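Subject: Handing over the structure

Dear colleague,

I am passing this structure on to you, with the sequence and the coordinates placed just below. After them I set out what was found, so that you can follow each point on the model itself.

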Amino acid sequence: MMANWELLKRLCAARGVSGREDEVRELILKEIGPYAEKTEVTPLGNVIAFKSGEKRAGTKLMLAAHMDEVGLAVTRVTDEGLLKFSCVGGIDPNVLPGRQVLVGKRAVPGVAGVKPIHMLKKDEMEKRVPAEELYLDIGALTKEEAEAAVSPGDEATFVSRFCAQNGVLSAKALDDRAGCALLIGLMKKRLKYDAVFAFTVQEEVGSAGARTAAFAVEPDAAVVVEATTAADVPGTDRNRQVCRLGDGPAVSFMDRRTVYDAEYYELALRTAEREGIRCQPKQAVTGANDASVIHISRAGVRTVAVSLPCRYLHAPAGVVSQEDFRAAGELLALLAEKIAGKAQRC
Amino acid sequence: MEELKQMLFRLCEADGVSGDESDAAAAAAKEFPPSAEPETDRLGNLTASVGPKNAKTVLLDAHLDQIGLIVTGIDKNGFLHVDKCGGMDRRVMPGAAVVVLGRERVDGVIGSVPPHLAGADAEKVPEPDRMTVDIGCSRKEAEGLVRPGDRIVFRAQPRALLGTRVTAPGLDDRASVAALIRCAQLLAEKPPRCRVLFQFSTREEVGGQGAVTGSYRADPAQGIAVDVSFARQPGVEPEKCGELGGGPMVGFAPILDRALGERLVRLAEKNGIPYSREVMGGETGTNGDAIAVTRSGVPTATVSIPLRYMHTPAEVVDLRDIENTAKLLAAYLLEAE
């Protein structure tokens with residue numbers, strides 16, 4: 001089976017730091033246009049798309065994936081023409097030194113520079129670069145030259161080539177363009193029951209998008225589709241790996257902000273088992289996502305999360321398994337059908 | 001400047017980690033006409049020459065190699081164990097996208113432990129040989145693609161920044177390789193009376209062995225080592241630096257020939273080429289140190305291109321400094337007998 005990596009590649013290449021999701025939104029609107037009965041953009045920028053199935057849903061289901069990615073925001077232009085910045089979302093500053101970035105709407109190239117190794121004291125060599133020493137260099141030689149190209153508030157995104165090789169994918173922003181691609185994939189299929197698809201903004205900075213999208217849609221149930229930390233890497237013991245690449249999508253029973261609907265959690269695992277789809281429980285209470293605000297929207301929304309295991313989640317190049325992506329697509333389709341097909345008990 | 005940029009980018013896109021410089025050598029050789037007789041020697045150094053064959057030889061050296069990583073093993077889950085190859089700055093490694101130069105080019109990512117899992121070591125960056133490269137393969141698959149000894153480079157494309165500044169991994173020392181090629185182009189218009197031997201030497205980042213044997217073979221009357229040096233940037237002492245756009249840095253150090261240095265300075269002033277004096281108390285840390293003590297000794301100078309963020313994948317130079325370095329070298333060679 002050949003999945004459409006071309007779409008995922010374009011989604012990952014689109015630049016969309018939290019609050020600046022325009023490029024991603026345009027791409028998604030264009031892509032889903034032919035498959036949705038109706039699409040709307042909410043005041044904060046969420047895309048909400050309605051798709052009819054063969055039958056009316058017994059449970060009004062919203063599937064959600066977030067459009068935004070972690071990145072940087074320029075805070076000040078220094079006298080030397082360098083850019084100071086803040087992290088937008090949970091970036092580990094350890095991965096910044098030496099990276100290429102694109103700054104602002106005009107995508108001005110730059111780099112995150114550090115002191116050369118030849119001029120470091122021994123203890124500096126071993127320590128991570130202090131956050132206050134980091135800056136971006138766009139090649140400006142003066143403050144004026146920099147200010148003509150960028151302004152405080154401009155976002156900066158990582159640059160990284162999309163790679164599909166050896167059964168894995170690596171790219172920036174797989175969290176959560178992989179989720180967006182899975183939702184779009186589902187929209188392109190024939191659905192048994194009506195469903196609402198929400199592509200949300202600002203997940204990485206507190207889920208203001210999902211909060212307002214859930215209010216607008218008013219669903220009975222929700223499936224949050226995201227990418228989650230896979231720490232199955234050398235030096236992390238088995239108990240702290242959260243989930244593993246190649247073992248299928250991870251289903252959460254609980255994270256730092258949400259206790260998931262127990263029945264749906266069981267349903268997801270059981271469905272996968274019955275259909276022979278690889279699937280794993282997320283084996284740690286870590287992270288949080290749009291579910292945190294969706295499940296407490298209005299009078300409450302029964303919520304489940306299906307996550308794609310992703311190594312190096314908030315770094316310039318995440319790594320996911322192509323097999324896990326396919327399995328997540330299959331599981332989502334079945335889960336949506338089972339949830340939407342059943343009448344709500346209350 | 002556009003042509004120079006394109007040439008520099010072609011050079012930077014070739015891989016050439018220390019001891020494995022053949023791609024970089026091939027890319028540089030392509031920039032010379034057959035009349036310059038580009039050839040490779042036993043240790044992989046590339047040479048090309050212009051000017052009369054029986055005249056005395058002026059050696060211009062720039063090193064071909066760049067820093068990188070080297071695969072040392074494959075673990076039971078297919079992750080690659082690595083070590084540094086040259087003076088790698090470990091702080092730029094976590095999370096970096098890389099290409100493993102195995103049986104084929106294999107994309108990988110250097111592992112980083114998420115901060116919430118790093119615990120007490122969160123402030124430390126592990127040593128390069130404690131980090132691993134993830135190519136997404138099982139051990140068996142990995143063994144079919146990669147062998148210990150394969151080199152690894154950063155997965156970053158050369159890019160134009162504002163003005164005439166550019167960034168690319170390996171500008172140390174491809175910027176100087178480009179300057180030498182540009183110098184050869186200038187000399188094609190106006191041939192020198194001396195014989196100019198362009199030497200693109202190997203293994204500078206691991207000890208300069210290429211320059212040692214290459215310079216012996218060249219047996220030059222004079223030598224100029226062209227390399228990159230520090231450009232002013234935050235956190236470094238300004239007196240140890242040149243400046244982006246400030247022109248070539250002419251070296252003065254005990255090991256170097258003072259008269260040769262002064263002559264370069266005089267020529268820069270005469271030709272209106274911006275320059276700065278780079279004073280070093282001991283050795284120069286360039287191939288100049290090896291060239292100077294070749295055979296019974298060679299009067300040697302260094303000319304350096306200012307560069308920011310040395311030994312990271314984010315190195316930055318100003319194209320004008322490359323062009324001005326080429327001009328200064330050409331002016332010198334046209335005067336040399």
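This is a predicted model: local features need pLDDT of at least 70, side-chain atom pairs count only at pLDDT 80 or more; totals for chains, interfaces and linings use all residues.

Strand S16 of chain A covers residues 302-310, and nine of its nine residues are buried. In a regular strand the side chains alternate between the two faces of the sheet. In S16(A), A:Arg302, A:Val304, A:Val306, A:Leu308 and A:Cys310 point one way, while A:Thr303, A:Ala305, A:Ser307 and A:Pro309 point the other way, and the residues of both sets are all buried. Strand S13 (residues 221-229) of chain A runs parallel to S16(A) and is joined to it by nine bridges. Strand S14 (residues 250-251) of chain A also pairs with S16(A), but in the antiparallel sense and over two bridges, and here A:Val251 stands opposite A:Val306.

Also in chain A, helix H5 (residues 174-187) has 14 residues and reaches 19 Å from its first C-alpha to its last, which is close to the 20 Å expected at 1.5 Å a residue. Twelve of the 14 residues of H5(A) are buried, so the helix is largely enclosed by the rest of the structure; among the buried ones are A:Leu174, A:Asp175, A:Arg177, A:Cys180 and A:Leu186.

As for the domains, the assignment divides chain A into domain 1, made of 5-69 and 172-341, and domain 2, made of 71-158. The C-alpha centres of these two domains of chain A lie 31 Å apart, and eleven residues of domain 1 are in contact with 13 residues of domain 2. On the side of domain 1 of chain A that touches domain 2, there are four nonpolar, two polar and five charged residues.

Turning to chain B, its secondary structure comes to nine helices and 17 strands. The radius of gyration of chain B is 20 Å, close to the 20 Å that the globule rule gives for 337 residues, so this chain is as compact as a globular protein of that length. Its C-alpha atoms fill a box of roughly 65 × 40 × 40 Å along the principal axes, and 61% of the 337 residues of chain B count as buried. Of the contacts in chain B with a separation of 6 or more, 75% are between residues 24 or more positions apart.

One sheet of chain B is open and has three strands in the order S10-S11-S17, with antiparallel pairing. Strand S10 (159-160) and strand S17 (316-318) stand at its edges with a single partner strand each, so one side of each has no neighbour in the sheet. S11(B) and S17(B) pair over three bridges, and B:Val166 stands opposite B:Val317 in S17(B).

Finally, the contact between the chains takes 52 residues from chain B and 54 residues from chain A. On the side of chain B that touches chain A, the elements giving two or more residues are strand S7 (105-110), helix H3 (115-118), strand S8 (132-134) and strand S11 (165-167). By class, this side of chain B has 26 nonpolar, 14 polar and twelve charged residues.

With kind regards

Terms used
Residues are numbered from 1 along each chain as its sequence is written. Chains are lettered from A and ligands numbered from 1 in the order in which they are written. Two residues are in contact if their C-beta atoms, placed from the backbone, lie within 7 Å. Helices (H or I, at least four residues) and strands (E, at least two) are DSSP runs, numbered from the N terminus. Ala, Val, Leu, Ile, Met, Phe, Trp, Tyr, Cys and Pro count as nonpolar, Asp, Glu, Lys and Arg as charged, and the others, Gly among them, as polar. A residue is buried if 20 or more other C-beta atoms lie within 10 Å of its own, exposed if 12 or fewer, and partly exposed in between; C-beta atoms are placed from the backbone. Two strands pair if DSSP finds at least two bridges between them. Domain bounds come from an automatic or database domain assignment. The expected span of a helix is 1.5 Å times one less than its number of residues. The radius of gyration is taken over C-alpha atoms; the globule rule is 2.2 Å times the number of residues to the power 0.38.
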